Amino acid sequence: MEELYLHSLPIKEHQIVEQLCPGLKDEVMKITPVQKQTRAGQRTRFKAFVVVGDSNGHVGLGVKCAKEVATAIRGAIILAKLSIVPVRRGYWGNKIGLPHTVPCKVTGKCGSVTVRMVPAPRGSGIVAARVPKKVLQFAGIDDVFTSSRGSTKTLGNFVKATFDCLMKTYGFLTPDFWRETTFTKAPYQEFTDILAKPTKALMLDAPAEKIEA
Amino acid sequence: PTMAAEGGGVRALSQREQDIQMMLAADVHLGTKNCDFQMERYVYKRRTDGIYIINLGKTWEKLQMAARVIVAIENPQDIIVQSARPYGQRAVLKFAQYTGANAIAGRHTPGTFTNQMQTSFSEPRLLILTDPRTDHQPIKESALGNIPTIAFCDTDSPMRYVDIGIPANNKGKQSIGCLFWLLARMVLQMRGTILPGHKWEIMVDLFFYRDPEEAKELEEDEALGAPEYAAVAEYTAPAGDTWGAEWPGAAAPAAAVEAPAGAEWTGAPGLNEDSYFPTFEINLPS
């Protein structure tokens, strides 16, 4: 799984994630009906927000809109799995045991909502509103102080902001990363001989969806 | 052909200098009236009529760098060369032919690098483009798919997401053809297929874009017949070899010309000339 992140390989099929990341749980955060006006009345669809995670450093957020609630939820789960990111955890001070909090102060923004996460000592628990609390639980962060600003009523933006915040944990350069990275071969290069051979259609499920470009 | 203007041109020119001469002849050094700030390092000066001049020495070095990257890819088929513009299409096809890459000429359907459901889906290791502005769609997609990009950039080309930019004129047909020819030759030299220092038997003209009318005219000339030996510059070695072998002692025509009746003779040396080449007998100057 970490190899995917190391080489920034795009994840196209959600089954990959299921294979590599066992123990993924999902939770539907909210289902809102959204409407569009047509000359024959309104057309309502349902928008589902789903958070997926293994409580050990991986979270994903999926948003899907569909005509039926169930379809929306299913689609959102798939999208959430595709968008899984690693979360970096660190210590507040005293590196005993496993990392339990954010490594540094990070902040994420979506729309007008900004969410700020601050490292907390062990035992503080997740000090946050109900919504980001869920996301952080799925991420596997045990203790954190949060602060938010903006229209947090909009659940969509609030949850995207915390997600964005979590994504940034690995984007922050800290002294541990100062050492020069030894690059490993990209998988496309490593396996170039195998990849060169034309393989028969490996797709097990529904190859029928070929779009003629 | 040595240029008289080259000072002290008696000694033989190095490969690099010959290439630069060719580039000058093809107007590779002419930029445009605008200059992108990221291209400033490759620009030599601005002419009085506002056109920027590109430093060809740097162009040559960038070509070398690009060639090294291309050679580093083990499977040449994982390279995609692309051109949306007609001026680059022929060059791109020929380049792909000689280096083993894949060519896309014409429209790049959005999603070929990202949409796994498309029939034309491919995940190349490297992308080579003629113009970042007109080929911006493949650049965007390669950014999403971790594909390094090489592009021929003019002085006003946007360099976003272009990893190796080769400063050059990407507007003129000779310029584009010349650049691809040079790049192909460099790649083949580095791979060891051609020995450096020797002339590559494939001519630059093969990479130039031909207007459809121009191409039609040339074809009409051929069909009319053999007499025009000297005029036909397009035809290179292949025809000549077979002829030499077949007619060792006979007064074979000096220039290699494709005979209209070429299909008939299957290479039987002992037969009478007359029956096979009636037109020749009539038209030979002697």
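Residues are numbered from 1 along each chain as its sequence is written, and chains are lettered from A and ligands numbered from 1 in the order in which they are written. Because the model is predicted, local features need pLDDT of at least 70 and side-chain atom pairs count only at pLDDT 80 or more, whereas totals for chains, interfaces and linings use all residues; side-chain values use heavy atoms, with hydrogens and water left out.

The secondary structure of chain A consists of seven helices and eight strands, where helices (H or I, at least four residues) and strands (E, at least two) are DSSP runs numbered from the N terminus. The C-alpha trace of chain A spans about 55 × 55 × 25 Å along its principal axes. Of its 213 residues, 33% count as buried, a term that denotes under 20% relative accessible area, with exposed meaning over 50% and partly exposed lying in between (1.4 Å probe, protein chains only).

In chain A, four strands make up an open sheet in the order 1-2-3-4 with antiparallel pairing, two strands being taken to pair if DSSP finds at least two bridges between them. Strand 1 (25-38) and strand 4 (85-86) of chain A stand at the edges of this sheet, and each has a single partner strand, so one side of each is left without a neighbour in the sheet. Within the sheet, eight bridges link strand 2 (residues 41-53) of chain A to strand 3 (residues 58-66) of chain A in the antiparallel sense, and Ala48(A) has Lys64(A) as its bridge partner in strand 3 of chain A.

Another open sheet of four strands in chain A has the order 5-6-8-7 and mixed pairing. Strand 6 (residues 113-119) and strand 8 (residues 144-149) of chain A run antiparallel and are joined by six bridges, with Ser148(A) in strand 8 as the bridge partner of Val115(A).

Surface patches were assembled from residues with over 30% relative accessible area and no salt bridge, like charges being joined within 9 Å and nonpolar side chains (Val, Leu, Ile, Met, Phe, Trp, Tyr) within 5 Å. A salt bridge is a side-chain nitrogen of Lys or Arg within 4 Å of a carboxyl oxygen of Asp or Glu. A nonpolar patch is formed by Tyr170(A), Leu173(A), Phe177(A) and Trp178(A), which together have about 500 Å² of accessible area. Tyr170(A) lies in the loop between helix 5 (155-167) and helix 6 (187-190) of chain A and is partly exposed, with a relative accessible area of 44%.

In chain B, Glu213(B), Glu214(B), Glu217(B), Glu219(B), Glu220(B) and Asp221(B) gather in a surface patch of negative charge. Glu213(B) belongs to helix 6 (residues 212-224) of chain B and is exposed, with a relative accessible area of 55%. The loop between strand 4 (102-105) and strand 5 (126-129) of chain B holds Phe121(B), which is partly exposed at a relative accessible area of 25%. The C-alpha atoms of Phe121(B) and Gly111(B), 10 residues apart along the chain, are separated by 7.5 Å. Pro124(B) is placed in the loop between strand 4 and strand 5 of chain B and is buried, with a relative accessible area of 8%.

Technical notes: Areas by Shrake-Rupley, 256 points an atom, 1.4 Å probe, with all protein chains shown as cover. Lys, Arg positive; Asp, Glu negative; His and termini not counted. Charge placed at Lys NZ, Arg CZ, Asp CG, Glu CD.
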